[in-house]
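Subject: Structure handover

Hello,

Here is the structure we talked about. My notes follow below it.

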Amino acid sequence: MPEMNIVQAVNSALDIMLEKDPDVIFFGEDAGYFGGVFRTSDGLQEKHGKHRVFDTPLSEGGIAAIAFGMGINGLRPVAEIQFADYIFPAYDQIVNEIAKVRHRSGGEFWCPLTIRTPAGGGIRGGHHHSQSPESQFTHTSGINVVYTSTPYNSKGLLISAIESNDPVVVFEPKRCYRGPFYGDPHNVPTWKDHPEAEVPEAHYTVPLGKARLAMEGTECTVISWGAMVHVSEQAIKNCGISCDLIDLQTLVPWDKDAIIKSIEKTGRCVIVHEAPKTSGFGAEMAASVQERCFYHLEAPIERVTGWDTPFPHTTEWDYMPSPARIADAIMKTMEE
Amino acid sequence: MAAKKKKQVTLHVPSAPFRPGDKASFAPFENEPGDLPRPNPIKCTASETTDHAYGLVRVLDFDGNASGPWDPELTPDELREGLEHMVRMRIFDDRMMKMQRTGKLSFYMRSFGEEAVAIAQTMALENQDWIFPTYRQPGAQFVRGRDMVSMINHCIGNVEDNVKGRQMPVHYTYRDGRFISVSSPVGTQFSQAVGVAMASQYKALDECCITWIGDGSSAEGDYHYALNFASVFKPPVILNIVNNQWAISTHANLASGNPTFAARGLAYNVPSMRVDGNDFLALYAVTKWARQRAAAGEGATHIEVLTYRAGAHSSSDDPSRYRPGDEHEAWPGGDPVDRLVQHLVAIGEWSEKQQKELEERVDGEVMAAYKEAVTYGDLANGPYPSADTIFTEVYEEVPWHLQEQWDEMKKWSVD
């Protein structure tokens, strides 16, 4: 099976869907001729034509709005927002329009669009190339929210998102585009030899709404998504506690069965995300776990998150959750 | 009822005029210096600027002679000052780029080919006027007297960085020079500058605000908000579109279906000009004119600064993947530094020898500033601003929940 990094896996998913479905079109800033600033659409304009893979004006609000218009008129648009930090001019279109059109029209109109966007820190991107704004979208009904972590799930989830008849916002962990991130900025591995980098050439899906059990254990359940899945993996290895590591993959709708099954087994729960703590999706997870698994819990639920501050430039390693912080949280749950 | 299929099924998507492997060619400038009148800045209507919005205001010809009603008649000392700032910008950029390649900065953006823009335009203003820049106008700081060591400290994110390592390089803040903080999201400053000017107007102060946006970012809503609010409230604001023709890989023909950006201002009833952005004198003159309007309570001026992005978008960019590479040499506007040198030589106020001496002196000053700045640390080696700076100045005072997280962070800090 071929080995791919996330950039290649995303490219492959787009390529397959453009090939398969003439209603699929792909566009974004620098995404056409140039193939995207992260190269995720490299070669696709040449292969599929300028009318199907194209550059747009620098206008995120406009990109989301035309995707909406195309979607309700029968196309299956896939739009790239160059950095998740730049999605906010599109926020009104996504929250008030895209998310609500099926409902507001009594089901007469719907919008099968996908917005994919690189998110998260670890690339010295400072305030505006590092944020992880997933919870600003999970709070809105009518859109599904995906956060990928590996080449395999980046391709499979993107295909599922494009094939979905509902709008999907897909966050991709840009720090992991060319290799997993284990929390040590000086260690820059590639995806080579990583089992999740074995990616079929052909069409396949990773279903929306299903989590991935990244590690299996008995003592504690660690729930994470995006780049933090790999940092959590490192933390679990470092502390030596037997943990289930659940890579949530889809945040809305999240995989209730996988979470309940794991917590009922371990009785302990640590939630890890790099977005700020307050109103982060970890809060939703923690509340849901206690609602559904309270009598199985042996210890208070722990959250390890980015701080409630803007994302810094030079001190980003003090901002992002580290293996040490995550391991400490796991050990805390073990004290009970 | 479903529509019938038409013959033509292709979406219209403009192509860039040239790509790698192509030979770039540009239409020569249609206007000569002296072609366009200089209207009275007071009571000038938008429609009186129609020719200026579709044409090109020029002062310098390509032999270095200045002429026409827009000649600002600067003194040789003023011209030499402008030249020194531009030379400094270029040498400073080259030094920073070299440092970026060695890891002392995470990232850098040069002003190469566009040095005249911020420098001539800021020189045309008064010192009390506000500057609301993008990342391509750092040169305004030289005009306002910022120390290079302080600028480098910011770029290399060391302990002396006045924005405390929080922002990426080139995202300067310089309040003493009334140079407002640069933000990465493109276009946002354009409409904010209108608010800055409205505050000046409200306070009845003799100050205006100058701002810039790119050709690419003028596709953002902020551009249109700015023009509309400026049209309605008539604040003292100077709204510049720097049309350097490229937004990373995206050519200006994808930013607007109107090949003349300046003309868009006419529809908002804002007097609009298009100016040769590599002609220091024309830029200075048009900006001075706009400032006169602002000071007289006549409101906004919209200026398209026509130039060419001679370098890469940033240190992360490789333009050879999307454009020929040497095409800036064919740009009819030439190079802004060379053209001012040519003018000074033509009027007998400068020589090749003096230029060489200037470059050597400025290079020495930049090198000395660099050497001093790295003694305070750099991104590759530290020391960095303390991680405590993550928590300070989020609010005026630290709220309890941030204090709690701050205490937690201290247990784990890697700095």
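At what angle do the axes of helix H3 (residues 115-123) and helix H9 (residues 280-295) of chain B cross? Roughly 45 degrees, and the two axes come within 8 Å. Angles under 35 degrees count as roughly parallel and 65 to 115 as roughly perpendicular, so H3(B) and H9(B) are oblique to each other. Their crossing is right-handed. H3(B) brings B:Ala116, B:Val117, B:Ala120, B:Gln121 and B:Met123. H9(B) meets them with B:Phe280, B:Leu283, B:Tyr284 and B:Thr287.

Please keep in mind that this is a predicted model.

Next, the chain B sheet. It is open, with 5 strands in the order E1-E2-E3-E7-E6 and parallel pairing. E1 (130-132) and E6 (272-276) of chain B stand at the edges. Each has a single partner strand, so one side of each has no neighbour in the sheet. The twist from one strand to the next averages 20 degrees.

B:Met273 has B:Ile303 in E7(B) as its bridge partner. A helix also lies on these strands. Helix H7 (residues 221-233) of chain B lies across E2 (209-214), E3 (237-243) and E7 of that chain. Its direction is about 150 degrees to E3(B).

Now chain A. Strand E4 (residues 114-119) is mostly covered, with 6 of its 6 residues buried. Which residues are buried on each side of E4(A)? A:Thr114, A:Arg116 and A:Pro118 are on one side, and A:Ile115, A:Thr117 and A:Ala119 are on the other. In a regular strand, side chains alternate between the two faces of the sheet.

E4(A) pairs with two strands described here. Strand E3 (residues 76-80) of chain A runs parallel to E4(A), joined by 3 bridges. There, A:Val78 stands opposite A:Thr114. Strand E6 (residues 168-173) of chain A also pairs with E4(A) in the parallel sense, over 6 bridges. In that pair, A:Ile115 stands opposite A:Val169.

Last, helix H7 (residues 151-163) of chain A. Its 13 residues reach 19 Å from first C-alpha to last, close to the 18 Å expected. This helix is mostly covered too: 12 of its 13 residues are buried. Among them are A:Pro151, A:Tyr152, A:Lys155, A:Leu158 and A:Ile162.

Best wishes

How values were computed: Residues are numbered from 1 along each chain as its sequence is written. Chains are lettered from A and ligands numbered from 1 in the order in which they are written. This is a predicted model: local features need pLDDT of at least 70, side-chain atom pairs count only at pLDDT 80 or more; totals for chains, interfaces and linings use all residues. Helices (H or I, at least four residues) and strands (E, at least two) are DSSP runs, numbered from the N terminus. The expected span of a helix is 1.5 Å times one less than its number of residues. A residue is buried if 20 or more other C-beta atoms lie within 10 Å of its own, exposed if 12 or fewer, and partly exposed in between; C-beta atoms are placed from the backbone. Two strands pair if DSSP finds at least two bridges between them. Axes are lines fitted to C-alpha atoms, for helices over the stretch in contact, and angles run from 0 to 180 degrees between N-to-C directions. Two residues are in contact if their C-beta atoms, placed from the backbone, lie within 7 Å. Angles under 35 degrees count as roughly parallel, over 145 as roughly antiparallel, 65 to 115 as roughly perpendicular and the rest as oblique. A crossing is left-handed if the near helix is turned anticlockwise from the far one by less than a right angle, and right-handed if clockwise.
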